[in-house]
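I opened this structure to look up a few things and note them down. The entries follow in the order I made them.

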Amino acid sequence: MRRPFVAGNWKMNGSRARARVLVAGVCEGARELPEVDVGLCPPFVYVTDAGEVIGDAPVRLGGQTCAGVEYGAFTGEVSAYMLADVGCSFVLVGHSERRMLYGEDDAEVAEKAGFALAAGLSPVVCVGETLAEREAEQTEATVERQLDAVMDRLDRDALARIVIAYEPVWAIGTGRTATPAQANAVHAFLRERVAAREPEVAAGVRILYGGSVKPDNAAALFAEPEVDGGLIGGASLDVGQFLDICRAAV
Ligand code: PGA
């Protein structure tokens, strides 16, 4: 039985004051949810504040991305080591907004995952097809290519530390969500791909669904056997909604 993981991705939203209020609210709710790993990915500049507010509450801190290099002359970048240094235990890599808006390709995502692991973080490897790819029946080919690029670089121990997030691009921020059956089918496919490399690791790898998860659709998605939690964008900016989604994962 895999432990559910629900992570909030705030993207570039909020303010320092709002971040502190949001984190405090999530911490309060998370204390009542020992069965779920609850995580938050604030914008970089609020990570330290969020960590302070979290204190000893059972909420994991994550980064929204990290550099695909170790350190040095990379103006504007934040390394995986820096995220670990300020209390993060995971980091998103390959979110579709990073791929589409900032031109991150599979090779760069794989580098980021590698540095995240080296820094002691769990990379949450985001994969997902565009609407055009789904309509062209390229969903499996797309997510396989994206996942393979990361898995090619990992040995068995490293593979056991990753989390996968399936986020169909057409469902992110659109109010359109994959049906539970559609999500489950892709998750099952992804798990098979992991199993093809490391059969003993595959059963334990958590695969989260993301894309317009809301309190009213979360329970049906999380009820699917291959769906181990969610990556929550818009709804994570509202404490009540986010906690309702976390509760749906129990
Ligand atoms: P959304 O975003 O929940 O607002 O669709 C999900 C994500 O981008 O991780």
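**Cysteines**

I looked up Cys41 and found it buried, with a relative accessible area of 0%; buried means under 20% relative accessible area with a 1.4 Å probe, protein chains only. The model is predicted, so local features need pLDDT of at least 70 and side-chain atom pairs pLDDT 80 or more, while totals for chains, interfaces and linings use all residues. Residues are numbered from 1 along each chain as its sequence is written, and side-chain values use heavy atoms, without hydrogens and water.

I then searched for disulfides (cysteine sulfur atoms within 2.5 Å) and found zero. For Cys41 the closest cysteine sulfur is in Cys88, 7.7 Å away, which is too far for a bond. Cys246 is in no disulfide either; the nearest cysteine sulfur, in Cys27, is 11 Å away. Cys246 is buried too, at 0%.

**Rings**

I counted two aromatic pairs, taking ring centres of Phe, Tyr or Trp (its six-membered ring) within 6.5 Å. Phe5 and Phe90 pair edge-to-face (planes over 60 degrees apart), at 5.3 Å centre to centre and 85° between the planes. Phe5 is in strand S1 (residues 5-9) and Phe90 in strand S4 (residues 88-93), so this pair ties together parts 85 residues apart in sequence. Strands are DSSP runs of E, at least two residues, numbered from the N terminus. I noted both Phe5 and Phe90 as buried.

I also found Arg60 over the face of Phe5, 4.9 Å from the ring centre. The cut-offs for Arg are CZ within 6 Å of the ring centre and within 35 degrees of the ring normal. Arg98 lies over the face of Tyr102, at 4.2 Å.

How values were computed: Phe/Tyr/Trp six-rings, centres within 6.5 Å; stacked < 30°, edge-to-face > 60°. Helix = DSSP H or I, 4+ residues; strand = E, 2+ residues; numbered from the N terminus. Buried < 20%, exposed > 50% of the residue type's maximum accessible area, 1.4 Å probe, protein only.
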